[in-house]
Amino acid sequence: MANLNQKQASQSHNMRLVLDCLLCYIQRIANGEPSDIISGKPITGFLLSSGTSGGKLKILPANNKFFEDMAFIFALRSVIISKHIEGVQKGKAVMFYFTKAPSTTPSGLPVCPAIMSYLLSDNFKNRPANCFTSPDEVTSCPDNKQAMYCHLLCGLVKRDEVVSVAAVFAFSLVGAINFLENYWTEICSNIRSGHVSEWITDLSCRDAVTNILGGGNSKLADLIEEECQKESWKGIITRLWHKTKYIQCALTGQSAQYIPMLEFYSNNVPLISPNYASSETMFGVNVNPLCKPQNVSYTFMPTMSYFVFLLADEGSEGEIVDLANVKIGSYYEPLITNYSGLHRYRMGDILQVSGFYNNSPQFRFVRRKNMVLSVNLEVTTEEDILKALNHATLVLKNSDLLLMGLTSYSDISTLPGHYVFYWELKAKNINDTVKLDNKVMVKCCCTMEESFNEVYRKIRNRDGPIGALEIRVVRQGTFNSLMEFFISLGASPSQYKTPMCINSTEALAVLEQNVLARFLSDRSQPL
Ligand code: AMP
């Protein structure tokens, strides 16, 4: 054991040295040195990772290969989907893409989040057909509130052409529905009059949207009003966009928390989680798009980067294998050697091999490695939290409430320490207020505790080292404020995903300011 720990410690020390070293090479290029100090091909810009899953924003070197791969993956996923769902190629998608003002390095190279760099690249501008309801001027509007409003307005005006509603990660889709709840009367009034609201001040965005709006259309405005006025918003996506054949966004890992909400709003049209990608590299696609979102695997594309895998099975000793030698059922962390200077770079994602497509391995996304809760001996991973959450949402199912957002932290400021979950809840009926039933909420706390692993359950009792699990219900809109907080630190609006666990004091302060009620598990015996 001691040997293993020593080995792991030295491995992680070496990795840290490599990373620090890499960072100084990246900084030297950002400051104007030639890119051949790390890459054969010129570095044309830097990609800003979202920083919300790993906690820290990173800048990663990139060149055209990255955007070519991205364009290839996007084209491939469309082909795969159209193979499984008839008639989608002719329709359009309401796509919630967002950008923000780009920045540059001291040497003048652009620094942008990956999706945004792609949206600004020629690969996007010169795409063969515009399959989105929004004009590019909306997507490139740096004011995200104006962009969200215009995406919804254009999407509703073109509702007859819409076959899918999509975003990069599920959080943006849930955000769009919340936004629509607050703005549908104004959107309908714009559609009725043919005049875009004055607060849409981005001129190119405004002109492009005015063009799409054409003259007023009171028939369409009436129809949308009728749907939005209904008490329940169950199935609102498919009621407003009646030809929707699928919803598309990443729904695995931390985004899995949004599956029940999207099922509620979409009347169970297929939820497709199309690909697995990052600012470091594209990984692969979901070749079985109609499978349940809980069963998604991604088939790796061996040409995207050179992939090797660090075995992450319990008790493993840092064994590294290449793509051809991974074993079904085993857990791995991918190490990336890409075409823009990363060498055996640790991704921090844990994947499990679920099968093969021809000879290419397929991986299930399991969790972010560093997203864990722990107050004592126990370790509760992102996957454990999601499992517990699935059980708790079954308790909520019979209530009038929907869980719209969630995050957590290990509170060790008091003895014993305990897990704190922040929940944003919403009434299923749009005009109802959230009524919290103490019994239901305490049951949710207990159900989550019962779902955690054996170590947690054994040491969690009245006088033991883990205190009662707590749910703090926060005001509606809190998770949006949390996103704005992360975006103010540099996170990408298109790539944003709510972290499953938080330890930043500032981020926790955003949540604490909005706490409405607290509930504690009332279990006192070992579970
Ligand atoms: P970023 O570079 O900021 O876009 O973040 C990339 C990270 O997002 C990856 O390392 C994963 O942790 C996560 N991610 C990307 N795609 C997926 C997916 N399909 N399912 C789960 N997590 C994903």
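Which residues does S340 touch, not counting residues up to four places away in sequence? In this predicted model, where local features need pLDDT of at least 70, side-chain atom pairs count only at pLDDT 80 or more, and totals for chains, interfaces and linings use all residues, S340 touches I38, S39, I43, P61, A62 and N63, contact being defined as heavy atoms within 4.5 Å. Residues are numbered from 1 along each chain as its sequence is written, and side-chain values use heavy atoms, with hydrogens and water left out.

S340 is found in the loop between β14 (331–337) and β15 (345–346), where helices (H or I, at least four residues) and strands (E, at least two) are DSSP runs numbered from the N terminus. With a relative accessibility of 6%, S340 counts as buried, a class that means under 20% relative accessible area, whereas exposed means over 50% and partly exposed lies in between (1.4 Å probe, protein chains only). The side chain of S340 also reaches the backbone oxygen of P61 at 3.0 Å, a polar contact being a pair of N or O atoms within 3.5 Å, of which, within protein, one must be able to donate a hydrogen and the other to accept it, while residues adjacent in sequence count only if both atoms are side-chain atoms.

The protein chain is divided into domain 1 (2–63 + 275–368), domain 2 (86–103 + 129–269) and domain 3 (372–520), with bounds that come from an automatic or database domain assignment. Between domain 1 and domain 2, the C-alpha centres lie 33 Å apart, and seven residues of domain 1 are in contact with five residues of domain 2. These two domains bury about 570 Å² between them, 61% of it on carbon and sulfur atoms, where buried area is the accessible area (1.4 Å probe) that two parts lose on being put together, summed over both. Across this interface the rule finds zero salt bridges, a salt bridge being a side-chain nitrogen of Lys or Arg within 4 Å of a carboxyl oxygen of Asp or Glu, and one residue pair in polar contact, both at pLDDT 80 or more.

In helix α8 (residues 203–213), the residues C205, R206, A208, V209 and L213 are buried, and their cover includes α5 (136–139), α6 (144–157) and α7 (170–193). The helix is followed by G214, whose phi is positive, near 60 degrees.

A further buried residue is E424, with a relative accessible area of 5%, placed in strand β21 (residues 418–427). The side chain of E424 reaches the backbone nitrogen of T478 at 3.2 Å, and the C-alpha atoms of E424 and Q476, which are 52 residues apart along the chain, are separated by 6.1 Å.

The structure as a whole holds 18 salt bridges. One of them joins R192 and E225, with the closest N and O atoms 2.9 Å apart; R192 lies in helix α7 and E225 in helix α9 (residues 218–229), so the pair ties together parts that are 33 residues apart in sequence. In another, the side chains of R460 and E449 meet at 2.6 Å, N to O, and both residues are buried.
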